[in-house]
Amino acid sequence: MSDHETVPAEVDHEEEIPEDHPRYQDLITRHRIERGVEMGITHLQGMHAEGRGSAFDYLLGEETIPSADEAERAAAAHLLLADHPVLSINGNVAALVPEEMVELADVVGADLEVNLFNRTPERIQAIADHLRDHGAEDVKGITADARIPGLEHERSKVDADGIYDADVVLVPLEDGDRAEALDAMGKTEIVIDLNPLSRSPRVADVPIVDNIIRAVPNMTAHARELSEADEATLREIVDAFDPAAALEAAEARIRSGDLA
Ligand code: ATP
């Protein structure tokens, strides 16, 4: 038995997880979600979502596959071209990548908006505070003065000067109904989801089949690299991206990947 298997099921601090553990990323992810639940920013259901994601990530080899890297580059180009890009934050996103979302928003000039499936004023506030603790200045989603057409009342709430007004939205780990409703509003939708068969990535203009922990920093790196690019170059990147091919490549990797 290797030393690695002695890592306790529950850890108090991320530092207790050895970096050379073969499932290091998965253990970090699980720990952050547990912390999120304890802090009141992540709903218990977020743990189930994380479990599903973790299984797909295992089958992907826990790495950013080439088609996901291409999608992350196309997503960065979309965000840079946008008039009003908005990054949507739910309880899992806030627990896993708060600082990374703030940084991406900064690099592409996007707004951050808290948008929850299980919406309560306490959780909205806790997430907004958590983002501010990680460097965010302006956090939207508290006013909730507009509605996404076609959704049940609580699920439809957004800010009029946030997601409602956005031309490009990044909706990581989004519920299928809301992804479809945002698509119907004509928005350019970027979805991060480890399950290529889930409805949300299937309605996205840019489906990113990758763990959000890897996807967001990689999008930021692409955005930095493209920050001086002219509009024609960015349009070329966006036009060359094929969402169906990206989903197929991810599914092929999951079905036939070598787990050795
Ligand atoms: P649908 O979109 O069809 O409603 P669902 O009910 O399976 O599907 P949700 O529970 O709404 O999905 O959202 C969870 C989704 O988020 C799952 O598809 C899961 O694979 C994905 N997911 C979970 N953790 C991560 C992560 N760390 N990075 C990327 N995707 C993740």
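This is a predicted model: local features need pLDDT of at least 70, side-chain atom pairs count only at pLDDT 80 or more; totals for chains, interfaces and linings use all residues.

Analyst: Residues are numbered from 1 along each chain as its sequence is written, and side-chain values use heavy atoms, with hydrogens and water left out.

User: How much space lies in the largest pocket?

Analyst: On a 1 Å grid over the protein atoms alone, a pocket is an open set of points where a 1.4 Å probe fits, with protein on both sides within 12 Å along at least five of seven lines. Grid points are joined across faces, edges and corners, and the volume is the space filled by probe spheres set on them. For the largest pocket, that comes to about 760 Å³.

User: Which element gives the largest share of the lining of the largest pocket?

Analyst: Lining residues have an atom within 4 Å of a point. There are 36 of them here, with Ala-49, Arg-52, Leu-173, Glu-174 and Asp-175 nearest the centre. Helices are DSSP runs (H or I, at least four residues), numbered from the N terminus. The largest share, eight residues, comes from α2.

User: How many residues in the lining of the largest pocket are charged?

Analyst: Asp, Glu, Lys and Arg count as charged; Ala, Val, Leu, Ile, Met, Phe, Trp, Tyr, Cys and Pro as nonpolar; the others, Gly among them, as polar. The lining has 10 nonpolar and 17 polar residues, and the charged ones number nine.

User: Which element gives the most to the lining of the second largest pocket?

Analyst: This pocket holds about 290 Å³ of space. Its lining has 17 residues, with Glu-14, Arg-32, Ala-95, His-130 and His-134 closest to the centre. α1 (24–38), α4 and α5 (98–108) each supply at least two lining residues. With four residues, the most comes from α1.

User: Are Arg-214 and Asp-57 buried or exposed?

Analyst: Their side chains meet in a salt bridge (a side-chain nitrogen of Lys or Arg within 4 Å of a carboxyl oxygen of Asp or Glu), at 2.7 Å from N to O. Arg-214 in helix α9 and Asp-57 in helix α2 are 157 residues apart. Buried means under 20% relative accessible area, exposed over 50%, and partly exposed in between (1.4 Å probe, protein chains only). Arg-214 is at 11% and Asp-57 at 4%, so both residues are buried.

User: How many residues apart in sequence are the parts that Arg-253 and Glu-63 tie together?

Analyst: The two side chains meet in a salt bridge of 3.0 Å, N to O. Arg-253 is partly exposed at 27%, and Glu-63 is partly exposed at 37%. Arg-253 lies in helix α11 and Glu-63 in the loop between α2 and α3, so the parts they tie together are apart by 190 residues.

User: Which residue forms a salt bridge with Glu-174?

Analyst: Glu-174 is one of the residues nearest the centre of the largest pocket. The closest N and O atoms are 3.3 Å apart, and the partner is Arg-178.
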